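User: I'd like to learn how to read a structure like this one, feature by feature. Can you walk me through it?

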Amino acid sequence: MRFYSLTIATIALVVLVAARAEGQPGQAGLQPPVLQQFVEADYPPEAKEKKLEGVVILQLEISAEGKVTRVTVVNPAGHGFDEAAVEAAKKFVFQPALRDGKPIASKIPFKYTFSWKPTEGPGDKQGDKPVEQKAKRAILRGEVQIGNSREPLQGARVRVTPTGGGAGVELTTNTNGTWELSELAPGKYRVEVEAPGYQSLEVVEEVETGQATEVIYRLQAANQGFEVVIKGERPPREVTKRTIEQRELSRIPGTNGDALRALQNLPGVARPPGLAGLLIVRGSAPQDTQIFVGGTLVPLVYHFGGLSSVIPTEMIERLDFYPGNFSAQYGRVTGGIVDVGIRSPKSDGKYHGLIQADFIDARVMAEGPVPFLKNWMFIGGARRSYVDVWLKPALEAAGAGVTTAPVYYDYQLFLETRPTNNSQVRIGLYGSDDRLEILIKNPAAQDPTLGGDLGLRTGFWRLQAEYKHQLTDRLRLNSVLAYGYNTINFNVGALYFKLDTHPVTNRLEFSYKPDKRVTLNVGQDILYNPYDIDLRAPQPPRPGEPDSGPFVTRPPRVVKESGSLYQPAAFAEAEILPTEGGRLVPGVRLDYNKVNQSWDFSPRFNARQIVRPQFPKTTLKGGIGVFQQPPQPQETNPVFGTPGIRSSRSIHYTFGTEQQITRQVDLSVEGFYKQLDNLVSRSPNINGTGFTYSNQGSGYVVGGEFLLRYRPDARFFGWLAYTLSRSTRRARPGEPLNLFQYDQTHILTTLGSYRLGRGWEFGARFRVVSGPLDTPCVGGIYSGAAGSYACISGAPFSERLPTFHQLDLRVDKRWDFQTWKLSLYLDILNVYNRGNVESLDYNYNFTKRIYQTGLPIIPSLGIRGEM
């Protein structure tokens, strides 16, 4: 079915207000906060007794009144120094930062130094400073860059001083922004980096005998705000980890500013059919990929039609995508992993809000401190679609054969606190609900039983508790416990299917670092899932009967059943740094499935090696691993399926390279092969009462991925992604090898977004994708019982439909007021109104057919206000 809809609207009042705002004077500049009242910290008794010194790097969050609202330890010193520095910093008083002469909240780094000053006595003129001993050679080399632009900063001053005392060494960065010290004694060193016009930085690094420690420091311009984050990028455990940065999440054209829809533009992700909100990764089925939100498994990530996702972009801190060879901490799937990280609420002591509306949905969001709960913060939101408001009248006016009222909503609430400087607690409640109701006025001639009401509902909610604790310098604990509800309810006429589940999940991981070059990760991944099934459906076709209908010839079967799934798992993984720039990650996962009482053993191994550490950097990577996916509940059910069938298995092979071309441009090239065996396949049983399942299926997926990416800078971001692949399946030995339902040979996506200035931003996306596969009808057969024709199916998914191509555009305009911001955006889907073919439709006796096309041009105009 093709939907014809064109939405046009004018918001005159908003434009007038916005134009007035644009005429106001711009920012005259920013002034940093100035410390007016310093409080000396108490010297920790433990450190005083041992005559220790320390430097603690703090991040101070300062209100517009000059009060310190939050203190975070960025670089701890231990021995009680951290706690003493935090308590003292909370009492500091600042002259607040200024923008255009008006006070604003800010964040700044602050160095708190503890110096031991012993009383000198006879024979103790040197004090109690330790004596530096000669040691074997160690290397410390680094690069200084300009903020997020990653451009080298020449002439920066780098001073390196032993933390235990002794003379320091001062260097100046060269034209490549690099510096190096080679004859260092092993131990800890204080590194201070300064450059005119940039905020200074101080960190502590540790070097070891015979090892080269490499660091990258990014200095922010002194006049570019005061948000300073000192955070190193931890190398991934996986071969391929694609991360979309915050600058890109909400500006990719064709996504309506939705971060999770941006995933569909990455290499290895196929275009879903029609309006289906599915993730199809490297030739696998949608159910072969798992989605996690805050460490908790969720059943879906997109609302009906894939027009929006269930988590708003503004709540997302990071979006990690693993298309294959993922870590042993993940399991039960053979496709890929999507891990959505929820950001922490703002901690400036103020309340913030957001309201946004366009032609698809409207949403609100708020965050700030929790009243009556000290040191607790919250972030929450809600969204409701109103496609039903304009789509239903449009279809009725067009004389369509159906009337429809689709609607969806979602909600989120997260509470967070930090009991100590090294721990974090987060409690979350979030969910989603989609409903679609259709009245079929004119049932298809082929099957008159499909008249009447058609309904579909999907939904879920999760109550989640997350705990993180850096127990010691070497030991870290992460744990997520969740309880929830999933539902899917489908009905057509007198036929229906309803499945309700109540999953309980727990993911726990301990990370221990016995040595600087070794990290051990062990944990558990537990899933307990009670379910209830209520079904009234036609009997499966008997051998030789067409499987496409008509349903009127098949007596219905009614089933009501309850049960549960229990699938505990344990995993262990090591991160080993054997050489300079090298990383080996061996791992193993052990899964148990109570339904068929089987164990799955999955060894995995990934490796990375930086072969050229200097600019332009070159990295090689590869991996091999076993990935197993338990059968679906209906496949092992005594009524619907075959008890005792085992998990499907996939062996992933990946090899690739990452090449830095310029400071902003990277190229990633990867080849992958997935060997599939023990796949669950089915065939009608001999008496026609159900299906017989077995592990006789097999197949393979092979392909290559290319990603040429311009990383976000102050003006531009963009990338060119191309995937070439082939996905095949064989149901049973001796049968032909066929292309898989979701195979797409070519997937090309190019996109970019450019800030024009004065709040304007323009972006475009163009896609070319091989057409979807379809199973053709090679003729029709007349059914006397139904009084209609049934399709005689050809080879499964043997016909490739015409190539898909589409251009999408996006324009944003933002106005900054004193205390709030206003934005307008126009996102145009399918700019040149391409009639892309999604499926085939036939006449009553299957002698003629026509193409069913997808969405036409759809402009979506939206407004957004935030404070």
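User: Let's start with Gln424. Which strand is Gln424 in, and is Gln424 buried or exposed?

Analyst: Keep in mind that this is a predicted model. To place a residue, look up its secondary structure element, then its accessibility. Gln424 sits in strand 29, which runs over residues 423-440. Its relative accessible area is 12%, and the cut-off for buried is under 20%, so Gln424 counts as buried.

User: What does the side chain of Gln424 make a polar contact with?

Analyst: For a polar side chain, check for a partner and a distance. Here the partner is the side chain of Arg418, at 3.5 Å. Then list the neighbours. Leaving out residues up to four places away in sequence, Gln424 touches Ser344, Glu416, Thr417, Arg418, Pro419, Glu466, Tyr467 and Lys468.

User: How do I read strand pairing? What does strand 51 pair with in the antiparallel sense over nine bridges?

Analyst: Ask which strands are partners, in which sense, and over how many bridges. The nine-bridge antiparallel partner of strand 51 is strand 54, residues 858-866. Within that pairing, Leu826 has Leu861 of strand 54 as its bridge partner. Strand 51 also pairs in the antiparallel sense with strand 50 (residues 804-816), over eight bridges. There, Lys813 stands opposite Leu824 of strand 51. Strands 50 and 51 form a hairpin, with four residues between them.

User: Why is strand 51 said to be largely enclosed by the rest of the structure?

Analyst: Count the buried residues. Strand 51 covers residues 821-829, and seven of its nine residues are buried, so the rest of the structure largely encloses it.

User: What about the nonpolar core? Which residues touch the most other members of the largest nonpolar core?

Analyst: With a core, look for the members with the most partners, then for the elements that supply them. The largest nonpolar core has 35 residues, and Leu260, Leu263, Leu279, Ile311 and Val338 touch the most other members. Strand 20 (290-293), strand 22 (316-322), strand 23 (337-342) and strand 42 (716-730) each supply at least two residues of this core. The core also draws at least three residues from each of domain 2 (227-341) and domain 3 (342-866). Looking at Ile311 by itself, and not counting residues up to four places away in sequence, you find that Ile311 touches Leu260, Val293, Ile316, Ile342, Arg383, Gln412 and Tyr430.

User: Now disulfides. How many disulfides does a search of the whole structure find?

Analyst: A disulfide is a covalent bond between the sulfur atoms of two cysteines. The search of the whole structure finds one. Cys777 is joined to Cys791, with an S to S distance of 2.0 Å. Cys777 is in strand 47 (residues 777-783) and Cys791 in strand 48 (residues 788-793), 14 residues apart. The link is left-handed, at -115 degrees about the S-S bond. Both Cys777 and Cys791 are buried.

User: Last one, zooming out: how many helices and strands does the protein have?

Analyst: The secondary structure comes to six helices and 54 strands. Of the 867 residues in the protein, 49% are buried. Among contacts with a separation of 6 or more, 66% are between residues 24 or more positions apart.

Conventions: Residues numbered from 1 in each chain as written. Predicted model: local features only at pLDDT ≥ 70, side-chain atom pairs only at ≥ 80, totals over all residues. Heavy atoms only, no water. Core = buried A, V, L, I, M, F, W, Y, C linked by side-chain atoms within 4.5 Å. Buried < 20%, exposed > 50% of the residue type's maximum accessible area, 1.4 Å probe, protein only. Domains from an automatic or database assignment. Contact = heavy atoms within 4.5 Å. Pairing = 2+ DSSP bridges. Disulfide = S-S within 2.5 Å. Polar contact = N/O pair within 3.5 Å; in protein donor to acceptor, adjacent residues only side chain to side chain.
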